[in-house]
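I wrote each entry as I looked the item up.

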Amino acid sequence: MTATHSNTAVPHVDVAIIGAGFGGLGAAIRLEQEGRGDFLIFERDTAVGGTWHVNTYPGAQCDIPSALYSFSFAPNPEWTRLYPLQPEIEAYLNDCTDRFEIRDRIRFGHEVLDATWNDEQARWMVRTSAGTWSARILIGALGPFSEPSTPSIQGLESFSGSVFHSAKWDHQHSVKGRRLAVIGTGASAVQFVPRLAPEVAHLTLFQRTPTWILPHPDRPISESGRSVLRKFPPAERAMRRMFDLFQEALVPGLIRHRSMLAPLTALGRAHLRRQVKDPVLREKLTPGYEFGCKRPTFSNKFYPALCRENVTVETTGIERIVPEGIITTDGTVHEVDDIVLGTGFTVAGHSGFRRIVGRDGTSLADGWPDGEMSSYRGTTVHGFPNFFMLLGPNSVVYTSQVVTIEAQVNYVLEALRAMDSGAIAALEVTERAQTEFADYTDEQLAGSVWNSGGCSSYYLSPSGRNVTYWPGSVRNFTRKMSTIELGHYHCRSAAFDKSSATADPTLVTTKDFA
């Protein structure tokens, strides 16, 4: 693809994509399939994969079945496990990149410094660390788990040993035979703690809130099983459909009928009782909130690792860190040699939000102060014409995020078709449509386990608003994202009269979202 040039000699592409993870690659492949090859992906790293390139900690594994955690248009009969490990996921994304011939349109080592909407030209100006481009359309595939969250603990910088986040694993540093502190008990820690516990002299796990953990259903997929999937593609589609329906069956319990989660609650408690015999430790590991309020996970090895003689679970809060270790609020000094941070990711405060600047010079971060994120259908944002966000606020359905991404990309393609057929230069969701979608979402999720299950999580903003989940089923989401209702948008024609750009469109009602 040869880029055309604008009058200012800035190279121009029709679509600029930020990020080469699942979202950016999925968008690029579908654009290519639609004959829209005039695009570029700007990737700050040196390889594709996003979070699955960066997260290389021991035991890194997806908690969604491999048949579902892959593109529907690129099934993979070669998965060796029911739940794929990080190396296989990264390899799959590289295979897709090459199979669909889009690698030549990825600009590696191009960190997007800022992307600014030029209202006069109806273009995005994308300034990267290696040059500037203009684009008609901007797709933000930033990834909600692309920026590690470092806790604000007094004295952390004074620690004399090594400190690293699970998403920035230091493979050159061995913890074998050393005293290790792990801060955090989320999904990453549940996976890497069992790998480290047998190697270290002692491991102290600092836990603020226990996690609901279920028995892991992961199994190897034999060569004969893979052979069946290769020869009979309908078998793979059936497997994907089965897992999809299972995930979908959880939605009513999570949103409205929380009593339906009772079997999973019982399973989680039984799993804990079976694997942890010490009543004191079991009490520490028993969640005090409803199942599903925080992200649950799977493991058959985490609880046994915590029962080892060289492992301590510390639930007293951390007061500060000193050169020799960690001091808890009871005054105890826990002497350690290394600290691993399993403290998750910066979701609401992603630095990319400061770099995307829309109409009137307002960035996404300006419009979302203190993590109060808002969007229309998790994809478009008022004040940001021709901008589409993948995995944006309230876009997540309770299944594979790849399913969410594909539905959103279909929505983007619908928007591009509408823009082409209607000679629309700029498409911007109205403030009314976005507000009414947010109000509808708040109403639908008010009684959900995420909002009122007795925990705090990254799902919620500081005010308690659920900024993560779609207010319904995946079927509802994919149906709604299959068409674009232009009445919810300001549409500016190529030869536009500015008065028409602010005309009040069709009234939006809650039935549009149901």
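I began with helix 4 (residues 187-196), which lies across strand 9 (179-183), strand 10 and strand 17 (338-341) and runs at about 170° to strand 9. I note here that the model is predicted, and I read every value below with that in mind.

I then looked up the sheet to which these strands belong, and found 5 strands forming an open sheet in the order 8-17-9-10-13, with parallel pairing. At its edges I found strand 8 (162-165) and strand 13 (311-314), each with a single partner strand, so one side of each is left without a neighbour in the sheet. From one strand to the next, I noted a twist that averages 15°.

For a closer look at one pair I took strand 10 (residues 202-206) and strand 13, which pair in the parallel sense over 4 bridges. Within this part of the sheet, I see L203 opposite V311 in strand 13.

My next entry concerns an open sheet of 3 strands in the order 14-15-16, where the pairing is antiparallel. I recorded strand 14 (318-322) and strand 16 (333-335) as its edge strands, since each pairs on one side only. Leaving direction aside, I find neighbouring strands of this sheet turned by 25° against each other on average.

I followed strand 14 to strand 15 (residues 325-328) and counted 4 bridges between them, in the antiparallel sense. When I looked for the bridge partner of I321, I found I326 in strand 15.

**Helix 1 against helix 13**

I turned to helix 1 (residues 22-33) and helix 13 (residues 401-421), whose axes come within 10 Å and cross at roughly 40°. That angle makes helix 1 oblique to helix 13. I also noted the hand of the crossing, which is right-handed as helix 1 passes helix 13.

On the helix 1 side I listed F22, G23, G26, A27, R30 and L31, and these meet V402, I405, V409, N410, L413 and L416 of helix 13. Sorting the residues of this contact by class, I have 8 nonpolar, 3 polar and 1 charged.

**Helix 5 against helix 6**

For helix 5 (residues 223-231) and helix 6 (residues 233-249), I read axes that come within 4 Å and cross at roughly 105°. This makes helix 5 roughly perpendicular to helix 6. I find the contact made by L229, R230 and K231 of helix 5, together with P233, A235, E236 and M239 of helix 6. By class, I divide the residues of this contact into 4 nonpolar, no polar and 3 charged.

**The disulfide**

Last, I asked how many disulfides the model holds, and the count comes to 1. The disulfide joins C293 to C455, with 2.0 Å from S to S.

I then asked where the two cysteines lie: C293 is in the loop between helix 9 (279-284) and strand 12 (297-298), while C455 is in the loop between helix 15 (449-452) and helix 16 (474-480), so the pair ties together parts that are 162 residues apart in sequence.

Key: Residues numbered from 1 in each chain as written. Predicted model: local features only at pLDDT ≥ 70, side-chain atom pairs only at ≥ 80, totals over all residues. Heavy atoms only, no water. Axes fitted to C-alpha atoms, helices over the stretch in contact; angles between N-to-C directions. Parallel < 35°, antiparallel > 145°, perpendicular 65-115°, else oblique. Left-handed = near helix turned anticlockwise from the far one by under 90°. Contact = heavy atoms within 4.5 Å. Nonpolar A, V, L, I, M, F, W, Y, C, P; charged D, E, K, R; others polar. Pairing = 2+ DSSP bridges. Disulfide = S-S within 2.5 Å.
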